[in-house]
Amino acid sequence: MYKYNCLNPIAQIGLEKFDENFVKTENIGEADAILVRSAGMHDMEFSSNLKVIARAGAGVNNIPLEKCAEQGIVVFNTPGANANGVKELVIAGMLLAARDIIGGINWVQENEEDGDIAKITEKKKKVFAGTELEGKKLGVIGLGAIGVMVANTATHLGMEVYGYDPYVSVDSAWRLSGCIHHAKTVDEIYKECDYITIHVPALEDTKGMINRDSISLMKKNVVILNFARDLLVNGEDMVDALVSGRVKCYVTDFPTHEIAGVKGAIVIPHLGASTEESEDNCAKMAVREAVDYLKNGNITNSVNYPDCDMGVKGEGARITILHRNIPNMLGQFTAFFAKAGMNISLMANKSKKEYAYTMIDVEGAAEGAEDAIAQIEGVLKVRIIL
Ligand SMILES: NC(=O)c1ccc[n+]([C@@H]2O[C@H](COP(=O)([O-])OP(=O)(O)OC[C@H]3O[C@@H](n4cnc5c(N)ncnc54)[C@H](O)[C@@H]3O)[C@@H](O)[C@H]2O)c1
Ligand SMILES: O=C(O)[C@H](O)COP(=O)(O)O
């Protein structure tokens, strides 16, 4: 029996994908798997029972990936599962920035008791007039699951779209509309665009990328949208740019004390992925990944170990080994099985940066394999799946 714990509420339709071999626990220390959304995990200690963290979502900056890899804990996320939800809110964000819909609605609420509201509306409405998106230039930084959807949708609104992503995947490139202008440098986006939206992960080289210097390259009255992570934007520089009027509007999904309430900031309480559809998609994918890893040892969509799949486990034992990506590991594993007289029927080995994963199917129960392989230097975690 495997045990899982939910650090955040996870959509029920996903949890229903756990079969009779899984039971929920409130005791994290005994969990084989943790399901999480945005709960911070950096200060947590992990028990040696823990094998999987499945992030029902995209961003994994709340999880200590390196520490997990070192402790043989495979971290998964759910690429693309909430991208449509975010895309729709980004489009809404652009519309809210273009026209003073929020100011107008607030005015109606403030005057709801006024018997003459219908009449005064026609005098007052000019205060809330805005502009249209059609014909404006949109720069999309980061052309992954969300960036591609935002870019393609904006072309249907008549926007001229520029895209920048030096690491774009082949899949994303295929999905990107042919109308998108390929920006070769991020500065081209900064200099050319009326609206700039960022869809990159929070990494060392992206943190603070929107700052005083990048803003100084942008057009006056630019609109900046951040549905990726708070850390990508220097808060102090953004407040200054809003107060000075250099940035017309900053639409962000990440409230901070610094930005909430600043004129020109439209601050949303991290609602990008909070739709029924996105929550269901993420939960189903996260549970599927955790179950397949625990039952079959297969890794799909891991962010700290390589993907590796040998299909459904057969009759014999499956030995799964998380280890360092250093020479002679496979030689030592196969030498053990040869010496023990165990016949290997199937084997796979994949690596990702400093870490690697080996799956070995043997005929029989692989007795003694777990302890023996765990002794090999560079091995981080061994499991025998029977
Ligand atoms: N607001 C929300 O609710 C919400 C929901 C989902 C994701 N997110 C955030 O949005 C981010 C993007 O999500 P996604 O699903 O599109 O992820 P993704 O992994 O599909 O796409 C990220 C893209 O960024 C690109 N990239 C990386 N570094 C870059 C750089 N320096 N310059 C330009 N491009 C760079 C990558 O090549 C990749 O194509 C996530 O990491 C997460 O932080 C927020
Ligand atoms: O990275 C993500 O997937 C989003 O920020 C969504 O986070 P949430 O699952 O906490 O809403």
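User: Which residues are around ligand 2?
Analyst: Arg37, Ser38, Gly57, Ala58, Gly59, Asn82, His270, Gly272, Ala273 and Ser274. A residue is near a molecule if its C-beta atom, placed from the backbone, lies within 6 Å of it. This is a predicted model: local features need pLDDT of at least 70, side-chain atom pairs count only at pLDDT 80 or more, and totals for chains, interfaces and linings use all residues. Residues are numbered from 1 along each chain as its sequence is written, while chains are lettered from A and ligands numbered from 1 in the order in which they are written.

User: How many are nonpolar, polar and charged?
Analyst: The ligand 2 shell has two nonpolar, seven polar and one charged. Ala, Val, Leu, Ile, Met, Phe, Trp, Tyr, Cys and Pro count as nonpolar, Asp, Glu, Lys and Arg as charged, and the others, Gly among them, as polar.

User: And ligand 1, how many residues surround it?
Analyst: 34. The closest are Gly59, Gly142, Gly144, Pro201 and Gly272.

User: Which helix gives the most to that shell around ligand 1?
Analyst: H6, with three residues. Helices are DSSP runs (H or I, at least four residues), and strands are too (E, at least two), numbered from the N terminus.

User: Why does ligand 1 lie between domain 1 and domain 2?
Analyst: Domain 1 (1–81 + 273–304) and domain 2 (82–266) both give residues to its shell, so ligand 1 lies between them. The bounds come from an automatic or database domain assignment.

User: New topic. What order do the strands of the open sheet take?
Analyst: The seven strands run S8-S7-S6-S9-S10-S11-S12, with parallel pairing. Two strands pair if DSSP finds at least two bridges between them.

User: Which are the edge strands?
Analyst: S8 (181–182) and S12 (265–267). Each pairs on one side only.
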